[in-house]
Structures are given as structure tokens and as C-alpha cells.
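Keep the structure open while you read.

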Amino acid sequence: MLAYLVRRVGHAIIVLFGVTLVTFLLTRVVGNPVQLMFGQGTAVTPQQVARTRASLGLNKPLVLQYLTWAGHALTGNLGRSFTEPRTVASDIASAAPVTIELTILAIVLAVLIGVSVGTLAAVRKGSAVDTASAGASSLALAVPNFWLGLILIYVIGLKLGWLPVSGFTPITASLGDNLRDMVLPVLTLSAFYAGSYTRYVRSLVLAGLSQDYVRAAEAKGISRARVLRHHVLRNALIPLLTVIGLDVAGLMGGAVVTEVIFSLPGVGSLLENAILTGDVPTVEGTILVIAVGVVVLNMVLDLLYGYLHPQARVIYD
Amino acid sequence: MPLSPKSEFSREETELLYALQRGKLSRRRFLTYAAGTSAALVVAGCGTNTLRASTTAGTAGKPKRGGSLSYTLPDQVETLDPAFSTQFGERPVMLCIYDRLVTYDTNFNITPGLAQTWSFSDGGKTLTLHLQPNVKFHDGTSCDANAVKWNLDRLLNPQVNAPMASLIVPPLSAVTVVNSTTVQLHLSRPWRPLLAALADRAGYVVSPAAVQKYGKDYGSHPVGSGPFRFKSWVPGGNITLERFEGYWQKGKPYLDEIICTNVMDSSVAVTALEANQLQVLTDIPASLLQALANNENVSVNKIRGGHWYATQYDVNKPPFNDKNLMAAEGYGADRKAVLELAFSGLGEVATNPLMVGWAAPKLSYPGPYPTSLSKAKSALAKAGAVGHQRLTFTAASDYTAYSDLAQALQPGWKSAGLDISIQGAAYATLYSDLQSGKYDWSETDWTPRADPDGLLRLLFYTGNSQNTTRFSDPQVDHLLDQAAEIYDTKKALPLYEQILSIVIPYGGYDYIAMPEQVAATRSNVGGFVQYPDDLARLADLYYTD
């Protein structure tokens with residue numbers, strides 16, 4: 001187990017090194033951050049541009065820039081934003097909880113819907129419930145998430161007036177308001193995954209129910225419900241867990257479209273804005289944090305998978 | 001028919017007149033509607049301010065003290081330090097937090113700000129500002145001549161390296177304090193645009209004590225002397241301002257609080273206005289106006305503005321260094337089609353880089369290349385081989401106004417015989433790419449400055465970082481410098497006419513359209529006046545009930 005962990009951490013470091021190096025090259029060599037910083041409408045002299053480049057350390061050799069940045073990053077110092085009067089770490093610290101909250105709530109909702117509706121559809125295969133859920137899940141998969149968001153805002157926000165049209169309250173200011181502001185974004189983001197998990201769980205449960213051990217258990221007198229709960233679902237959830245892990249990892253890049261529609265100050269909009277304004281350290285810091293998150297999450301998932309599926313441990317040990 | 005803020009017509013009548021003018025409404029139907037709405041107005045007129053109030057400057061309602069108002073900013077705020085402020089969205093916030101040394105009215109005439117009066121001496125090389133006495137910053141320190149000197153010295157200091165320095169440096173060379181309410185600015189040469197710059201970001205006065213306290217973080221902890229003090233800022237989210245009780249203009253401001261939000265999608269912003277979650281909205285795309293026009297709790301306000309859209313090309317190298325090709329491109333541009341497609345017909349054809357202000361050509365000026373298919377074809381024929389090659393126009397595919405512009409112009413150019421291909425690019429990096437010279441032929445838009453020197457210098461002075469058409473004419477450079485030294489606008493005007501006669505046809509811009517500046521407020525919001533610089537003056541607003 002220990003050897004396995006060490007190997008995984010080693011892999012993680014290589015991945016992080018590769019990701020940050022590529023980011024560095026793309027932003028500092030290929031891009032022109034100082035020009036993007038000044039933008040349209042502000043005349044600057046070549047001397048001003050040169051002075052700005054020098055003060056931001058962009059004149060130094062690239063290797064030195066990277067090593068300096070990496071060294072600081074290891075101590076948690078992600079530097080200062082080029083364009084904002086803040087440190088990168090504080091920007092990420094205020095954006096990350098928003099995206100994490102949005103992502104987790106959306107996935108939890110999607111899993112709850114997926115497992116319950118999917119199981120029901122599998123158990124009542126061929127019935128009206130099954131057909132309805134197939135239709136609903138197809139719709140959820142097909143509808144573009146920005147369209148759904150705008151419709152929800154229009155109907156629930158404007159016409160019915162049940163929820164605010166836009167706006168975000170930080171969780172530190174008011175938990176109640178924060179959750180209220182998150183309802184529509186979470187619904188919008190989770191729709192696709194709810195549809196996807198419903199179909200996946202349905203097929204997993206169907207496959208589980210056709211296993212020999214299920215028939216044996218029922219022959220022994222164990223009720224359907226108990227068989228489902230204690231055996232079939234447990235086995236079905238393991239592959240689902242892998243899928244969830246991949247989805248969460250993908251969403252940690254920031255559910256950008258949802259964040260833009262609902263004006264949530266999360267990681268997606270932070271990264272997008274940083275790229276467009278030439279705010280190089282924020283781009284680098286955000287990508288590093290996302291990469292770390294994805295890597296850690298994958299490691300955790302692998303360990304969890306090993307725990308749940310005893311046979312898999314043999315492979316790892 | 002451009003609307004001035006002091007129009008005599010109500011919003012309803014204005015909509016009808018527009019529809020009539022565009023041929024979408026027969027005369028009979030117009031008269032029926034007008035009679036109906038007039039009757040409705042008489043009945044509704046008792047006790048409500050909704051309809052009549054909309055297109056007049058300010059409203060008839062009496063200002064109520066108090067209330068919280070929400071506005072969404074046109075783009076993201078990076079910093080609230082005026083010396084480093086490059087984003088348009090930062091300015092409405094800064095207008096609330098800071099005082100400017102001088103201000104301007106809706107016609108760009110310079111009016112008092114922190115400086116009550118001013119005078120020029122020494123052949124125009126010294127500007128003496130007489131400041132409002134007893135002004136305090138939000139942190140209690142004194143906003144006096146020493147504070148003003150400190151602010152201007154900060155811009156002069158090359159170590160600070162403030163981007164806004166280029167607004168006044170050169171020719172500002174030194175600043176001296178005469179007494180606590182009198183400060184003198186010394187210039188290396190007379191320079192009329194100075195006052196306009198002091199009404200812009202060079203003239204916002206920040207608290208020296210606060211900059212010393214917060215250092216590099218000052219931009220996220222702004223302290224000014226303006227009507228609203230900074231309360232909080234969720235990064236990427238809301239900025240909250242609250243009334244500054246010690247504001248030097250007694251009785252103002254009326255509002256208790258202003259919340260500047262960051263709603264990133266325009267249709268969501270319009271919905272938020274309808275749901276009364278925003279009370280003011282600017283930069284409304286013409287396509288979304290229909291929803292608001294029918295809402296009786298919303299007043300739509302349109303002015304002529306000064307924001308023009310154009311195509312641009314590199315005049316320093318082939319193919320567009322050829323004057324006949326420039327002419328063909330200009331004559332072949334179907335400007336009315338752009339107005340219809342991109343701006344729902346609201347606005348006018350653009351003909352020059354100024355469009356508003358004392359140096360702008362008269363309204364009747366038709367532009368250097370008024371749309372004419374026949375003239376386009378003959379200019380193209382004169383261009384010879386240059387005109388027969390494939391030309392690539394780069395359009396921002398992810399920005400509606402820009403992609404509409406390209407789409408509307410393409411057929412006209414093709415009819416004229418230009419062999420065009422259109423390639424897409426990302427809007428956010430387009431300007432930077434134009435600065436790098438990546439594209440020969442593309443599009444742009446600009447808003448007006450208070451002094452004609454402002455934009456003309458940016459666009460046409462040799463080597464200016466904003467001169468993306470690579471236009472260079474030493475005679476124009478010399479004329480610009482000469483004209484900037486003349487304080488008497490009547491005397492300066494002939495020089496600007498001469499400059500324009502060269503830069504308008506050959507400067508590298510094909511002026512296409514100037515849409516109306518459209519904003520909307522909830523009907524119970526008073527004091528709303530649109531300025532042609534398209535910046536919302538939130539601090540002047542109040543609730544009427």
C-alpha cells in the first residue's frame with residue numbers, strides 16, 4: 001500500500017510539473033500579457049511598457065521565472081495579480097468555495113436523482129415510470145445548460161418571482177441567502193448529470209439484478225428491497241463512483257457557463273477573466289490549484305475504489 | 001431622428017415616431033395610437049411619473065432621501081485606483097468614490113469639481129486651481145492643495161509607472177502649492193486638453209494617507225472624498241458603497257447605498273431590471289429593448305451618444321496603403337445595413353472619428369466615402385491588381401455587435417467586386433492583436449473624449465500605442481501638437497479641420513455606424529441623465545417614491 005501511494009504521489013508531481021510548465025510557456029512566451037493589461041483606450045509609452053515588464057519580472061530568463069514561481073508556490077505563495085491589487089492566493093480563496101459549493105451541490109443532487117429514479121426505472125422496467133424517466137433523462141442530456149439557466153431565470157426568477165434573478169451572497173455573509181442564490185445555478189448545472197446518472201444507474205441496476213447471486217438470495221427468502229439495498233446497489237455504485245469522480249474533476253475547472261449565466265464569482269470566471277486581461281500569475285495559480293485538486297481527487301477515488309472493491313486491491317499491492 | 005435628453009415626447013410617442021420613420025407603421029395607425037396614448041396619459045398622469053418622465057432630463061418627481069440602488073457594471077473591475085484604472089467598468093464606481101478636479105457637462109464643457117474656479121497664466125503654461133475649502137476624505141484626512149499636489153506628483157513619478165500618466169505627462173512638469181486651497185500646475189508648453197484630462201482619470205483625487213497605509217493593496221481599499229465611501233468588494237462579485245455623511249456638497253447624495261454588481265450576461269441583466277433587482281442598466285443591446293419598452297415600471301432613455309463603430313485597416317503596407325482600395329472599401333460599405341442588423345435601426349451613420357464636440361464636422365457632413373456601389377466599383381477598377389487579390393477581414397465572432405457588423409457589410413463589398421473572406425477571432429484579444437499587427441483588416445469601436453486632442457492623438461499620432469492603423473504623417477503630428485497649444489477653440493478649429501481633412505479619408509478607419517446610447521431605469525428612479533461618454537453618474541440618482 002505504501003509503495004503504491006509513493007508511486008502515485010510521484011506521478012502526481014510529474015503531472016503538476018508538466019501542467020504548470022505548459023501554462024507558463026503559453027502565458028509568458030506565446031501571450032503578450034503587458035499589452036493585454038493596458039488594453040484599449042490607454043496610451044502608454046515604450047518606456048512605461050518596459051518598466052512594467054521589468055517590475056513584473058518578465059525580463060528575466062524563463063527558467064529563472066519558472067523556478068522562482070515554483071519555489072514560492074511550494075510555500076503557498078502564488079504571487080500578486082498583475083492587474084488586481086490582490087494576491088493570487090486571496091483571489092483563489094474567495095473563488096474556490098463558490099465553485100466547490102456549486103459543483104458538490106450539483107453532483108449530490110444529480111446522484112440523488114440518478115440513483116433514485118434510475119433504480120426505480122430498473123425495478124419497474126418497461127412501465128410508464130421507466131418510459132417517462134427515459135424521456136426526461138434524454139431531455140436533460142440534450143438541453144444546453146445555458147438555455148436551461150436562462151429559462152429558469154426567466155420563469156422562476158421573473159415571472160414567478162420565487163427566487164432572485166441573479167446575484168450571489170458569500171456563505172460567510174449569510175448561509176440562508178447563499179443557499180437561496182445557489183438553487184437555480186445548482187439546478188441548471190445538475191440537470192445534465194442527473195440525466196446521465198439516471199440512465200447509467202438504471203443499466204447498472206438491471207445488470208446487477210440479472211446476476212446469479214440475486215436469484216440465489218431471493219430463493220433463500222431475502223426480500224427484493226433488501227437485496228437491492230445491500231447487494232445490487234453497492235455493486236452498482238462502484239463504477240458510478242468512478243464516473244462521478246471524473247465529472248467532479250472536470251467541473252473543478254469551473255462550471256464556466258453556469259458561472260457566467262448566474263454571475264457567480266467562482267474559479268471559472270476568475271480564470272476566464274485572468275486570461276483575457278493578461279493576469280498571468282492568476283492564470284498560473286488557478287491552473288495549479290485545479291490540477292492539484294484533480295490529482296488529489298483521483299488519488300482519493302482510487303483508494304476508495306480499492307476499499308470498496310476488495311478484488312481491485314490485489315492489483316495495487 | 002436622434003433624440004436629445006430634453007425631448008418633448010414621452011417614451012410611447014417616441015417609439016411610435018421611430019416606427020413611423022422606419023416605415024413600419026402607417027400614418028393612420030400612428031394617429032390612432034397617438035390619440036389613444038394621449039388619452040391614456042391624461043388619465044394615468046395623475047399621481048404617476050412613469051411615462052412622461054422617461055425621456056426628459058431628470059424627472060418631475062421630488063427627490064427622496066434614502067434607499068439602496070443596484071447597477072450592473074459594463075465590465076469587470078480590476079482596481080479602484082484611478083492612476084492604474086484601465087477598465088471601463090471601473091469608472092462608474094470611481095465617479096462615486098472620488099471627486100475629480102474638474103468635471104464636464106453633457107456637452108463636454110468643463111465645469112467645476114474640487115476646483116471651484118481656475119485660471120491660466122504665463123502664456124497658458126501655468127494653471128491655477130482654486131479648490132473647494134474644508135473637503136475631507138473618507139478617512140478624515142484633509143483633501144486640500146497638498147493632497148492634490150501629492151496625487152499629481154504620483155502621476156509624474158516614473159517609479160510609480162502609472163498608466164494614466166500619459167494623459168497629462170508630458171507636458172505637466174511640476175505642481176506647486178500656493179496655500180491650502182490653491183495649487184498650481186506647471187506645463188512645459190501651453191496645453192488646452194489639460195482640463196479635459198483633469199476631468200478624466202488624471203484628475204481623480206485619492207487619499208495620500210490611504211495609499212501610504214495600504215501600499216500595493218490600495219486599489220482594493222479605495223478612499224476618496226466623493227459622495228460615496230467604499231464599504232466592501234467580493235472579488236468578481238458585488239462592490240458595495242455607502243453614503244459619505246461628510247460629503248462637501250451638503251444634502252447630497254440622496255441614496256444610502258449603491259451596489260455595483262457584475263452580471264455577465266445582458267439578457268439576465270435586462271431580466272433583473274424587470275424584476276427590480278437592478279434599478280439602472282446601461283449599454284442595453286437594441287435587440288433586448290422590446291421587453292423593456294412594454295414594461296410600465298421601466299423608463300427607457302436614449303441619447304445621441306458618441307460611440308462609433310468602424311472597420312480599420314493597416315495603411316502602412318499593402319494592400320490598404322493603396323488610396324483607391326481605401327475608397328473602394330469605404331464606398332462599398334453598406335452602413336445602413338449595419339444600423340439595421342446590429343442596432344435595430346437606432347442610430348446614425350458614422351462619418352468621422354469625433355462625431356460630437358466642438359471640433360466635430362457638422363451633422364450634414366456625409367463622410368469621405370458615402371455608400372455608393374458605382375463609386376466603389378470604379379475605385380476598385382482604379383486600384384488595379386491590388387483590388388483583385390483575396391482580402392481577409394477579421395471579425396470578432398463572439399461579440400454580437402462586431403459579428404453583425406461584418407455580416408452586414410460583406411454583401412455590399414462583394415457586390416462592389418471585392419474578393420473577401422471573413423475569418424473569426426476572439427473579441428477579448430482582438431485589440432491586442434491589432435496592436436501587434438496580426439491582422440490587416442478588422443473592426444473597432446471608440447467612445448468620445450472631452451477634448452478632440454484626446455482621441456485624435458491616440459489614433460493618428462505617429463507611434464502612439466493606440467495607433468493600430470500605423471498611420472504616420474509628420475504634418476498631422478505637427479498640427480496636432482500645434483492645435484493642442486491653442487486655448488481659444490475658435491482659433492483651434494481651423495487646425496482641426498485641416499487635420500480631419502487628412503485623417504478622415506486616409507487614417508485607416510472606415511466609419512460605419514453610431515448607435516444611440518440606450519439606458520433604462522426603474523420608473524421611480526430620478527436624476528438620471530446620460531452623458532455621451534456612456535458613463536453612468538450613479539451618485540446623482542434618487543428615488544422619487
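In chain B, residues 12-59 have a pLDDT that stays under 50, and the model gives this stretch 63 contacts beyond four places in sequence. This is a predicted model, and where pLDDT is low, the predicted coordinates should not be read in detail. Taken as a whole, chain B has a mean pLDDT of 89, with 89% of its residues at 70 or more. Residues 1-10 of chain B are also below 50, and they have 29 contacts in the model beyond near neighbours in sequence.

How does chain A score? Its pLDDT averages 87, and 96% of the residues score at least 70. Among its elements, helix α14 (residues 310-316) of chain A has the lowest mean pLDDT, at 58, while helix α6 (residues 128-142) of chain A has the highest, at 94. For the complex, the predictor gives an ipTM of 0.85 and a pTM of 0.86.

Now to the sheet in chain B. It's an open one of four strands, in the order β4-β5-β7-β6, and the pairing is antiparallel. β4 and β6 (172-179) of chain B sit at the edges with a single partner strand each, so one side of each has no neighbour in the sheet. On average, neighbouring strands of this sheet are turned by 20° against each other, direction ignored. Two of the pairings look like this:

| Strand | Partner strand | Bridges | Residues standing opposite |
|---|---|---|---|
| β4(B), residues 115-121 | β5(B), residues 126-131 | six, antiparallel | B:S119 and B:T128 |

β4(B) and β5(B) make a hairpin with four residues between them. Helix α4 (residues 145-156) of chain B lies across β5, β6 and β7 of chain B, and runs at about 170° to β6(B).

Chain A is another story: it has 14 helices and zero strands. Its C-alpha atoms fill a box of roughly 85 × 60 × 35 Å along the principal axes.

Which way do helices α1 and α13 of chain A run relative to each other? The axes of α1(A) (residues 2-30) and α13(A) (residues 280-308) come within 10 Å and cross at roughly 160°. Since angles over 145 degrees count as roughly antiparallel, that makes α1(A) roughly antiparallel to α13(A). Their crossing is right-handed. On the α1(A) side, the contact includes A:R8, A:A12, A:V15, A:L16 and A:F24, and on the α13(A) side, A:E284, A:I287, A:L288 and A:M299 are among the residues involved. By class, the residues of this contact divide into 13 nonpolar, three polar and three charged.

That leaves the place where the chains meet. How many residues does each chain bring to the contact? Chain B gives 39 and chain A gives 43. On the chain B side, the elements that give two or more residues are α7 (266-274) and α14 (427-435) of chain B. That side of chain B has twelve nonpolar, 21 polar and six charged residues.

Definitions and conventions:
Residues are numbered from 1 along each chain as its sequence is written. Chains are lettered from A and ligands numbered from 1 in the order in which they are written. This is a predicted model: local features need pLDDT of at least 70, side-chain atom pairs count only at pLDDT 80 or more; totals for chains, interfaces and linings use all residues. Axes are lines fitted to C-alpha atoms, for helices over the stretch in contact, and angles run from 0 to 180 degrees between N-to-C directions. Angles under 35 degrees count as roughly parallel, over 145 as roughly antiparallel, 65 to 115 as roughly perpendicular and the rest as oblique. A crossing is left-handed if the near helix is turned anticlockwise from the far one by less than a right angle, and right-handed if clockwise. Two residues are in contact if their C-beta atoms, placed from the backbone, lie within 7 Å. Ala, Val, Leu, Ile, Met, Phe, Trp, Tyr, Cys and Pro count as nonpolar, Asp, Glu, Lys and Arg as charged, and the others, Gly among them, as polar. Two strands pair if DSSP finds at least two bridges between them. pLDDT is the predictor's confidence in each residue, from 0 to 100.
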